[in-house]
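Please have a look at the model below before reading on.

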Amino acid sequence: MKNETRTIKPQNLVAMIGGIRDKAYRFITKRLEEHGIGGIVPSHGAILANLYNHGPMPMKELAQRIQRKKNTLTILVNKLIEYGYIEKNATTGDRRVGMISLTEKALNIREDFDQISEELNAKAYENISEEEKIQLMTILEK
């Protein structure tokens, strides 16, 4: 098969990012299934990563960290509670403030979670030099 030269148009940025996101979601979903991890979807990843790295936290802080609206976060958290990966407990000072923390079930999949994350990053940066990675991230952060 002949190598095709594609014309990259600057106005296709959002479509390209959307396509990358879709591919990443398919990759994550497949790897979770291969590891026998049920109930988790890619949109749960930021929640679990923050709890793995920073420990229990209030919903408000978690929403800020993952840049999600409270109602969206509530839906995601409730699913993770339903599947037994996290729990929500009232703090001692204010019963309205729920602390989100990992369960033993979530702690048991940490190694798999980290492995899948590493594989995804390796795949995403395949054939991209360190200098190009820095350039890409700098441009995207603008």
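The questions below go from the overall fold to single residues.

This is a predicted model, in which local features need pLDDT of at least 70 and side-chain atom pairs count only at pLDDT 80 or more, while totals for chains, interfaces and linings use all residues. Residues are numbered from 1 along each chain as its sequence is written, and side-chain values use heavy atoms, with hydrogens and water left out.

Q: How many helices and strands does the chain have, and in what pattern do they follow each other along the sequence?
A: Helices (H or I, at least four residues) and strands (E, at least two) are DSSP runs, numbered from the N terminus. Counted like this, the secondary structure comes to 7 helices and 3 strands. Read along the sequence, the pattern is α-α-β-α-α-β-β-α-α-α.

Q: In what order do the strands lie in the sheet?
A: Two strands pair if DSSP finds at least two bridges between them. S2 (residues 86-90) and S3 pair in the antiparallel sense over 5 bridges, and S1 (residues 57-58) pairs with S3, also in the antiparallel sense, over 2 bridges. The edge strands are S1 and S2, each pairing on one side only. The sheet is open, and its order is S1-S3-S2.

Q: What angle does the direction of H4 make with that of S2?
A: Helix H4 packs on the sheet and touches S2 and S3, where contact means heavy atoms within 4.5 Å. Axes are lines fitted to C-alpha atoms, for helices over the stretch in contact, and angles run from 0 to 180 degrees between N-to-C directions. On that scale, the direction of H4 makes with that of S2 an angle of about 110°.

Q: How many residues of strand S3 are buried?
A: Buried means under 20% relative accessible area, exposed over 50%, and partly exposed in between (1.4 Å probe, protein chains only). Over the chain of 142 residues, buried residues make up 25%. Strand S3 (residues 98-102) is mostly covered, and of its 5 residues the buried ones number 4.

Q: How many residues does the largest nonpolar core have?
A: A nonpolar core is a set of buried Ala, Val, Leu, Ile, Met, Phe, Trp, Tyr and Cys residues joined through side-chain atoms within 4.5 Å. Those with the most contacts inside the largest core are Ile40, Ile47, Leu48, Leu62, Leu73, Val77 and Ile86. Leaving aside neighbours within four places in sequence, Ile40 is in contact with Leu32, Leu48, Leu80, Tyr85 and Ile109. The size of this core is 25 residues.

Q: Is Thr103 buried or exposed?
A: Thr103 is found in the loop between S3 and helix H5 (104-108). Not counting residues up to four places away in sequence, Thr103 touches Gly84, Tyr85, Ile86 and Glu87. Because its relative accessibility is 14%, Thr103 counts as buried.

Q: Which residue lies over the face of Tyr85?
A: A charge sits over a ring if NZ of Lys or CZ of Arg is within 6 Å of the ring centre and within 35 degrees of the ring normal. One such case is Arg21, over the face of Tyr25 at 4.3 Å from the ring centre. Over the face of Tyr85, at 4.6 Å from the ring centre, lies Lys105.

Q: What is the phi of Gln67?
A: Most residues other than glycine have a negative phi. Gln67 lies in the loop between H3 and H4, and is exposed because its relative accessible area is 73%. Its phi is positive, near 55°.

Q: Where is Asn127 found?
A: Asn127 has a positive phi of about 65° although it is not a glycine. Its relative accessibility is 76%, so Asn127 counts as exposed. Asn127 is found in the loop between H6 and helix H7 (130-141).
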